[in-house]
Amino acid sequence: MLSDEEIDKLLESVRAIKEEEAAKKAPPSGHTYREPKEPIAPKEPEQGAMGLRPTGSASRSSRVSAGSIIARKTAMQSSGKTENDSVRGSKNAETHTASDVRTASDVRTASDVRTASDVRTASDVRTASGVRTAPDVRTAPHVRKKTGAQRRGGDKSRKKNLILNILLVVFVLIFLGSGFYLIKYYIESKQNKELVHSLKEMIEENGETGGETGGGSSPGSSSGAKVPEYVTVGDKKIQRKFRNLYEKNPDFVGWLTIEGTNVDLPVMYTPDQEQKYLRKNFDGDYALAGTPFIASRSDPEKPTTNVIIYGHNMKDGSMFSDLLKYKDEEFYQAHKLIHFNTIYKDAVYEVIAAFPGQVLNVGEEGFRYYEFFEAYSAEEFDSFVNNVKSLTTYNIPATASYGNELITLSTCEDSGASEGKRYVVVARKVE
């Protein structure tokens with residue numbers, strides 16, 4: 001029979017074996033594992049319970065016998081398990097540990113995936129770069145690259161729109177500027193025409209104003225000739241009919257007319273400043289059309305052999321624009337005569353040549369019509385006449401001989417002023 005102390009030791013041994021098995025089943029360190037609660041050992045009964053001293057000899061004998069049987073069985077099982085458990089323990093620990101590691105890895109992966117999912121749905125993209133195990137980390141550079149491409153595309157689009165806006169502004173400014181220029185051009189043209197008309201009304205004829213400036217009879221006729229009247233204005237003797245114009249502006253020297261055309265204009269003469277009226281009207285105010293003027297080396301009073309008169313070729317048909325119509329022979333046939341009445345005398349001229357001219361550079365060879373003012377010999381005169389007639393594109397029977405007075409009207413060719421292109425009409429005095 002076992003004594004009470006031996007029974008207690010056996011129970012303690014059983015309890016120790018259970019605790020050892022429970023310890024072996026615990027998860028490895030570093031992982032969160034909740035240890036199962038240890039079963040609460042039943043309290044030893046105060047009377048009639050196993051492991052306590054019985055109160056009777058019979059009952060004590062039966063309890064000891066039962067206890068010894070349980071103890072022996074428990075001891076045998078414990079001794080048998082001890083050997084097997086010692087072998088299986090290490091394997092079980094390794095297997096359990098590996099299983100726990102895989103489980104922990106899976107747990108971490110699952111947790112990380114959930115975290116990555118949360119990051120993908122989060123507005124803060126920077127959090128995604130911190131999740132090293134998430135798939136979005138590999139995707140993040142692609143997202144940044146795409147965003148960069150979109151940004152570059154946006155920049156190009158903005159630059160393109162900026163360029164288009166600048167071009168649009170430039171075109172609008174050009175359009176407005178052109179419109180302003182055209183409006184200004186035609187307003188000035190209208191004002192200049194009105195001025196010319198008012199100046200013509202100031203011309204006196206036979207003691208009256210507003211008469212014909214181109215008077216005189218046809219070439220070769222002596223009947224009906226008008227005798228000019230002269231007055232003295234200042235220190236200069238001039239025709240009476242031009243007194244009002246001369247008093248208004250002493251630079252005025254005569255009136256030029258080609259009947260049936262827009263050439264019906266005052267002519268100015270300022271030998272000390274030849275181009276004074278290049279961009280000025282009769283009153284001296286700025287005007288794009290200017291006013292026809294005589295070359296400084298010509299002398300309308302003496303006169304020189306050739307008097308050159310310059311005038312603009314205006315797009316509205318004013319000034320000397322109609323001179324270019326002499327390119328057409330039919331126009332020449334209908335407009336052979338030119339009237340140029342100066343403050344000194346009236347005169348009628350017949351066209352002998354009409355040709356395209358050219359202002360030449362220094363040292364450049366060619367015919368310089370604009371440098372012929374005085375003929376000191378017949379050869380010099382004939383050379384000039386032959387040159388102008390040879391440049392005429394159609395036949396003009398009329399000609400000139402040494403001793404005749406000439407006038408030369410010069411204007412710019414269409415779109416050729418900057419290149420020195422001119423159109424020239426030459427006429428000889430016939431009356």
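H339 stands opposite V348 in strand β10, and that pairing is a handy way into this fold. Keep in mind that this is a predicted model: local features need pLDDT of at least 70, side-chain atom pairs count only at pLDDT 80 or more, and totals for chains, interfaces and linings use all residues. Residues are numbered from 1 along each chain as its sequence is written, and side-chain values use heavy atoms, with hydrogens and water left out.

**The chain overall**

- The protein chain has seven helices and 12 strands; these are DSSP runs numbered from the N terminus, with helices being H or I of at least four residues and strands E of at least two.
- Of its 431 residues, 35% count as buried. Buried means under 20% relative accessible area, exposed means over 50%, and partly exposed is in between (1.4 Å probe, protein chains only).
- About 27,200 Å² of the protein chain is accessible surface, and 53% of that belongs to carbon and sulfur atoms. The areas come from the Shrake-Rupley method with a 1.4 Å probe, and for residues only the protein chains shown count as cover.
- Among contacts (heavy atoms within 4.5 Å) with a separation of 6 or more, 60% are between residues 24 or more positions apart.

**Strands around β9**

- Strand β9 (residues 337–342) is largely enclosed by the rest of the structure, because five of its six residues are buried.
- On one pairing, β9 meets strand β5 (residues 252–257) in the antiparallel sense over four bridges, with H339 as the bridge partner of T257. Two strands pair if DSSP finds at least two bridges between them.
- β9 is also joined to strand β10 (residues 348–358) by three bridges, again antiparallel, and the two form a hairpin with five residues between them.
- Another hairpin comes from β3 and β4, with two residues between them and a positive phi of about 70 degrees at G234 in the turn.

**T261 and its surroundings**

- T261 sits in the loop between β5 and β6 (264–268) and is buried, at 16% relative accessible area.
- Its side chain reaches the backbone oxygen of I258 at 2.6 Å and the backbone nitrogen of V263 at 3.1 Å.
- Beyond neighbours within four places in sequence, T261 is in contact with D322, F331 and H335.

**Salt bridges**

- The whole structure has 15 salt bridges, each being a side-chain nitrogen of Lys or Arg within 4 Å of a carboxyl oxygen of Asp or Glu.
- E12 and R15 form one, with the closest N and O atoms 2.9 Å apart. They are three residues apart in helix α1 (residues 4–24), so about one helical turn separates them.
- R240 pairs with E204 at 3.7 Å between the closest N and O atoms. R240 lies in the loop between β4 and α5 (243–248) and E204 in strand β1 (residues 204–205), so the pair ties together parts 36 residues apart in sequence.
- R240 is partly exposed at 29%, whereas E204 is buried at 9%. Both belong to a salt-bridge network that also includes E229 and R243.
- K302 and E374 meet at 3.6 Å, N to O. K302 is exposed at 60%, while E374 is buried at 19%.

**A nonpolar patch**

- L162, I163, L164, I166, L167, V170, F171 and I174 make a nonpolar surface patch of about 750 Å². Patch residues have over 30% relative accessible area and no salt bridge; like charges are joined within 9 Å, and nonpolar side chains (Val, Leu, Ile, Met, Phe, Trp, Tyr) within 5 Å.
- V170 is in helix α4 (residues 135–200) and counts as partly exposed, at 35% relative accessibility.

Methods: Polar contact = N/O pair within 3.5 Å; in protein donor to acceptor, adjacent residues only side chain to side chain.
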